[in-house]
Amino acid sequence: MSDIRTDRRAEAGRPTQLGATFDGEGTNFALFSAHAERVDLCLFDDKDNEVERITLPEYSDEIWHGYLPGIIPGQRYGYRVHGPYRPEEGHRFNPNKLLLDPYAKSLVGSVRWNDAHFGYRLDAEDKDLSFDERDSAPFMPKCEVPDTAFDWAHDVKPDVPWDRTVFYETHVRGYTMLHPAVPEEIRGTFDGLAHRDVVAHIKALGVTSVELLPIHAFLDDQHLEAKGLRNFWGYNTVGFFSVMQRYAGGENKSGRARLASFKHLVRSFHNAGIEVILDVVYNHTAEGNELGPTLSFKGIDNLSYYRTMPNQHRYYINDTGTGNTVNTSHPRVLQMVTDSLRYWVEECHVDGFRFDLGTILGREPGGFDPRGGFFDAVNQDPVLRRVKLVGEPWDIGPGGYQVGGFPPGWAEWNDKYRDEVRDYWKKSADSLGNFAARVTGSGDVYDRHGRRPWAGVNFITAHDGFTLHDLVTYNDKHNEANGEDGKDGHSDNRSYNYGVEGETDDEGIVATRERQKRNFLATLLFSHGTPMILAGDEFGRTQKGNNNGYCQDNEISWVNWDLNQNNQELLTFAQKLTRLRADHSILRRASFRDGMGVVWLNPGGGEQKPEHWNDPNADCIGLHLKILDGEEAILIFNSHDGPVPFVLPERDGGEGWSVLVDTDQPEAEPREISGGKEPLSVAGRSLLLLM
């Protein structure tokens, strides 16, 4: 402390713009804390030595603020916040802990785990009720005064209509670490993902919207580092305004260059007509529960930023399963979330968001409320209401499962689709009725308040769970590499290995698995609703049976681009499916009220009757779709393991049908057949599209 300058006085500055804001001559600093007694701004040199400590002079409307002439972009800083350390009352102020600015738009360095990160003595008998005086600054990343300049060069957002949207969920690092066309020095980065060959592949696949797993700054968990692992997925946020350094080229780049690399990625996809969607984690932070570290929010104003137990404010409400829950009922915390969202839209041109554990954001003191403060704030916001908003509609708290419960204007991940489509193709008993509802847009879930079929984001696989290849290759999860004795990850995978656990040379089993992959992809892309493809599923990527790769930053989770013949053929087939979906509006219904004829057909001929629906062993069904004075299509689904004769309806004028897709003969040319005469033989475990 003796070498730290403390005599400079800041000017009053402004409370109206939170964070560090450079005006061309100096920087305004503003920090929200309703319960602090003093806030010190700490300045650091480029070797991370604290060189100056300045008390913010003004406190207006619960905002601490001050202005320093001569402080320019690139200046490193952090905060020390003084106030009561009374955990029983929810207060955990400790000025010995350097704190990250919640509005920091650039971070440099990383958390180097040390006991000093904790506000209490780890060896104390009363744990978090004790007080630790060690300085955490040497082990903390630092904030930087931002420089956000970037030449967008007439960037135009694609603004893809919802009914034409095809999501593609991928990971910035994992997608290019093994890509042969991407130079090694940029693999695993924003620049690598923006490489022309990568963008070209995604464009050729027919994807309209790339959904990136979290790119906000996050931590590698201490317990993972102890096992030689790291946080791969990134659901452990410490900064809602800054990009993850490892994706932006690391600390060897300036803060401006790191942000520019992300903007370049967005611009590259926009130039190809592809949207960029961010997976965002506003439901919790990396600070954990009462025994977690003090890194930012906990030391700035714990009682405001987090939901604590009523009458026991020492403890946190844990509706997220991660130790803490962000308190979006507080107006300043809600403001931080919406400010962050607007920043990514306005400054970085992103096209939408997928909200991890989105039910949390709609939680008010009385429970989930689709008309609560967060939803109201977003839905009336002139910037945010124009972008794509997708909720993960569940958390682990009371009443946390809210599929179909989000307000109008939102889409939701539809796990009913995932589970019930898997059940059907696995040939589970009594699965036919649920399967039919999912294929036709889940109207039983979403057809209310004027919501559209696109409100349901349909998926077979996602980052969490088996890949498509592993879904048809493993009966059980194989997560041994995670070091949790196989206890982590879902056990209810509704998967099937068709006779051998794992890879096999048995040609019959391999052929069945390949056909089932085609069945899943065709079902997904021909269902009404918004399809989401997991990156690599288009050519059969495997994680060797690991269904929880959150900590596997290695070849288990990285996409393998060394494609064999089966991989290549599946990719070609997937491209065919997306083209058909794009070309035929009958396959991507835009409204439940469009007058489309929807009739379910029985293999024996004619419409499905109640006795057919109630047959627990029924496993083959047809869907007849017709647009008034427009297109007509039949989809036939057969999960039976043998061929089924199917009588097609006759068409007006005696015209026949054209078979455009047959998953049993994926490379076959379209063939013409008649209706109402000889039954069509539908191969076992196959899907047909007739137009």
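**Close-ups of a predicted model**

**View 1. Strands S2 and S6 side by side.** S2 (residues 26-32) and S6 (residues 63-69) run antiparallel and are joined by seven bridges; strands here are DSSP runs of E with at least two residues, numbered from the N terminus, and two strands pair if DSSP finds at least two bridges between them. Phe-32 sits opposite Ile-63 in S6. This is a predicted model, where local features need pLDDT of at least 70 and side-chain atom pairs count only at pLDDT 80 or more, while totals for chains, interfaces and linings use all residues. Residues are numbered from 1 along each chain as its sequence is written, and side-chain values use heavy atoms, with hydrogens and water left out.

**View 2. The open sheet around that pair.** Four strands line up as S1-S2-S6-S5, with antiparallel pairing. S1 (19-22) and S5 (58-60) are the edge strands with a single partner each, so one side of each has no neighbour in the sheet.

**View 3. H13 against H14.** H13 (residues 507-526) packs on H14 (residues 565-583) at about 20 degrees, axes 10 Å apart; helices are DSSP runs of H or I with at least four residues, and axes are lines fitted to C-alpha atoms over the stretch in contact, with angles from 0 to 180 degrees between N-to-C directions. The two are therefore roughly parallel (angles under 35 degrees).

Methods. Angles under 35 degrees count as roughly parallel, over 145 as roughly antiparallel, 65 to 115 as roughly perpendicular and the rest as oblique.
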